[in-house]
Amino acid sequence: MFMRRVAIVGVGMTEFGEHWELGFRELIAQAGVRAIEDAKLQGVKIDALYGGTMAAGRLIGQEHITALIADYMGLNPIPATRVEAACASGGAALRTGYLAVASGMHDVVVVGGAEKMTDVPAGDAAVALGGAGDQEWELFMGATFPALYALIARRHMHEYGTTREMMASVAVKNHANAAKNPYAHFRKEISIEDVLGAKMISEPLTMFDCSPISDGAAAVVLMPLEKAKEHTDMPVEILASMQASDTLALHSRKSLTEMRATKVAAKRAFEMAKVAPGDIDVCEVHDCFTIAEILAIEDIGFFEKGKGGKASLDGETALNSKISINTSGGLKGCGHPVGATGVKQAVEVTWQLRGEAQNNRQVKGAEIGMTHNVGGSGATCVTHIMKRGD
Ligand SMILES: CC(C)(COP(=O)(O)OP(=O)(O)OC[C@H]1O[C@@H](n2cnc3c(N)ncnc32)[C@H](O)[C@@H]1OP(=O)(O)O)[C@@H](O)C(=O)NCCC(=O)NCCS
């Protein structure tokens, strides 16, 4: 099968957080314009737009999002397609854009991800998010996402001796990274005691074990690698793009302590990129809850199953340690406007591979990076492996 090599030539994002002053279209336009300027696209025709958003219909009452954005940004009549895969909508949009360029169908593609979540009360946002799980057997019975991940956490504690302090250390590390990220929702450091003493959301997860409800958008520009050099001295090549699926409902799974979709998508991505977990310098993983980061670093293969909690507590995932995980602050510290997250992960890894991560959060000598974006409680996983272009 012939596939063209694909590069990221421009990236941009809005600050994540509460944006009362900006509507959905302004958010995505801000991120898109930043990415287009970064890619030096002046005078170049954009061929297609792919946009990831999970719940714009529920959260702001607006469907047909990508047509709206193409119109607002003056891009008509290019094809503009919405991609939805719950919290992995952004990663799935990136993968769709990657396939469009790799196949030779399009040359210049803009991929965006956005969500505007704070316009509704937190309870309504929780119900909208709950639609990413099994509506009939989970949400209807009261199992919101914090509750589902609390079940996963309890089981991981039972099987592997993972402690609340180990989970808390993930939040402490991600808030420390977010404090260095000018685009992050939360820019303040917290301690293990802060996490353990915060209000209980779903036992054993406190508020600081949870990602927040955020607004925000992110965008990247893709091109064939051979054309990328005309736009940037430092293209970032996408070496692999993989996706896998699993059951929606937790009760249908053989194990609560691993995500099969992550294992499959990561393994196939490593095969496609011809690299191993040990080759990855920087990785943005889907830490919608602290326990989710522990599962991710185990299932991707950075640490043995059951050892992710201890590795986190021992500092092995901190900036410039064994493997730098979530240098952006992750979903926990940078924020989680769900449709934007998968694209934001690619923005952060691109900055890292270009040596441009702001405020001393640069991973020294980063050459190969990875993103890991999960939908629901693991029913979808999208992974990308990227390398600084030569
Ligand atoms: C944890 C959660 C329930 C807290 O919501 P809440 O109780 O309504 O909290 P509030 O909005 O009243 O915020 C209270 C304060 O805590 C802060 N805060 C809220 N959520 C936070 C979080 N997750 N981490 C850190 N601080 C948080 C707010 O900024 C606010 O600070 P302020 O008083 O300085 O302004 C909510 O963030 C949540 O539902 N998170 C999970 C989202 C989710 O499920 N995503 C999908 C994953 S698959």
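Tutor: Angles under 35 degrees count as roughly parallel, over 145 as roughly antiparallel, 65 to 115 as roughly perpendicular, and the rest as oblique. Keep in mind that this is a predicted model.

Student: OK. At what angle do helix 6 and helix 11 cross?

Tutor: The axes of helix 6 (residues 145-160) and helix 11 (residues 290-300) cross at roughly 60 degrees and come within 9 Å. Helix 6 and helix 11 are therefore oblique to each other.

Student: Is that crossing left-handed or right-handed?

Tutor: The crossing of helix 6 and helix 11 is left-handed.

Student: Which residues make the contact?

Tutor: On helix 6, the contact is made by Tyr 149, Ile 152, Ala 153 and His 156. Helix 11 contributes Ile 291, Ala 292, Ile 294, Leu 295 and Glu 298.

Student: Changing topic: cysteines. How many disulfides does the count come to?

Tutor: Zero, taking a disulfide as a pair of cysteine sulfur atoms within 2.5 Å. Cys 288 is in no disulfide, and its nearest cysteine sulfur, that of Cys 87, is 6.6 Å away.

Student: Is Cys 334 buried or exposed?

Tutor: Cys 334 is buried, with a relative accessible area of 0%. Cys 288 also counts as buried, at 6% relative accessibility.

Student: Let's do helix 3. Which of its residues are buried?

Tutor: Helix 3 covers residues 65-72, and its buried residues are Ile 65, Thr 66, Leu 68, Ile 69 and Ala 70.

Student: What covers the buried residues of helix 3?

Tutor: The cover includes helix 1 (24-38), strand 2 (48-52), helix 2 (56-59) and strand 3 (80-83).

Student: What comes on either side of helix 3?

Tutor: In the loop between helix 2 and helix 3 there is His 64, which has a positive phi of about 55 degrees although it is not a glycine. Helix 3 is followed by Gly 74, whose phi is also positive, near 70 degrees.

Student: Is His 64 buried or exposed?

Tutor: His 64 is exposed, with a relative accessible area of 62%.

Student: Where are the cis peptide bonds?

Tutor: One joins Asn 76 and Pro 77, with omega about 10 degrees. Pro 77 is in the loop between helix 3 and strand 3. Another runs from Glu 203 to Pro 204, with omega near 10 degrees. Pro 204 lies in the loop between strand 5 (200-202) and strand 6 (205-206).

Student: Last one. Which residues of helix 5 are buried, and what do they pack against?

Tutor: In helix 5 (residues 122-130), Ala 125, Ala 128, Leu 129 and Gly 130 are buried. These buried residues pack against helix 2, helix 6 and helix 14 (338-353).

Technical notes
Residues numbered from 1 in each chain as written. Predicted model: local features only at pLDDT ≥ 70, side-chain atom pairs only at ≥ 80, totals over all residues. Heavy atoms only, no water. Buried < 20%, exposed > 50% of the residue type's maximum accessible area, 1.4 Å probe, protein only. Helix = DSSP H or I, 4+ residues; strand = E, 2+ residues; numbered from the N terminus. Contact = heavy atoms within 4.5 Å. Axes fitted to C-alpha atoms, helices over the stretch in contact; angles between N-to-C directions. Left-handed = near helix turned anticlockwise from the far one by under 90°.
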